[in-house]
Amino acid sequence: MAAPERPLWYLQEWFATSGRKQRDLVTGLDWLPAKANKVWHGVQEPRTSEIHEIAAFLNIAPHELLMPPEEAMRIRRVQSVLSEVAS
């Protein structure tokens with residue numbers, strides 16, 4: 001039997017990185033608890049508008065939810081260095 005696939009989004013990792021919890025989807029974004037639970041556990045894929053809402057809440061780019069926080073931070077550092085070199 002194959003191992004279950006992990007959710008496409010790195011939502012839980014991003015929330016942990018920012019010191020937030022699942023309940024912040026309810027309190028911070030005014031979501032219903034059932035919806036927050038389904039999105040959190042990968043049972044329900046978030047809509048595009050919800051992805052943007054989550055990203056704004058976490059102060060990250062929406063596409064960064066598709067990668068582990070460490071990878072996104074590494075890319076940000078490289079972009080910063082390249083920007084400095086270019087100036």
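Q: In which order do the elements of the chain run from the N terminus on?
A: The model is predicted. Read the elements from the N terminus: here they run α-α-α-α-α. That makes five helices and zero strands in the chain.

Q: What box do the C-alpha atoms fill along the principal axes?
A: Take the extents along those axes. For this chain the box is roughly 50 × 40 × 25 Å.

Q: What share of the residues is buried?
A: Burial rests on a cut-off: buried means under 20% relative accessible area. By that test, 29% of the 87 residues in the chain are buried.

Q: Which residues touch the most other members of the largest nonpolar core?
A: This core has 20 residues. L11, F15, L25, I54, L58 and L65 touch the most other members. Helices α1 (11–17), α3 (33–40) and α4 (48–58) each supply at least two residues of the core. The most comes from α4, with five residues.

Q: Which residues does L11 touch, leaving out those up to four places away in sequence?
A: L11 touches L25, V39, W40, I54 and L65.

Q: What part of the contacts joins residues at least 24 apart?
A: Count the contacts between residues at least 6 apart in sequence. Of these, 54% join residues at least 24 apart.

Q: How many positive and negative side chains are there, and how far apart are the centres of the two sets?
A: The chain has 10 positive and 11 negative side chains. The two centres lie 4 Å apart.

Note on methods:
Residues are numbered from 1 along each chain as its sequence is written. This is a predicted model: local features need pLDDT of at least 70, side-chain atom pairs count only at pLDDT 80 or more; totals for chains, interfaces and linings use all residues. Side-chain values use heavy atoms; hydrogens and water are left out. Helices (H or I, at least four residues) and strands (E, at least two) are DSSP runs, numbered from the N terminus. Buried means under 20% relative accessible area, exposed over 50%, partly exposed in between (1.4 Å probe, protein chains only). Contact means heavy atoms within 4.5 Å. Lys and Arg count as positive and Asp and Glu as negative; His and the chain ends are not counted. The place of a charge is taken as NZ of Lys, CZ of Arg, CG of Asp or CD of Glu. A nonpolar core is a set of buried Ala, Val, Leu, Ile, Met, Phe, Trp, Tyr and Cys residues joined through side-chain atoms within 4.5 Å.
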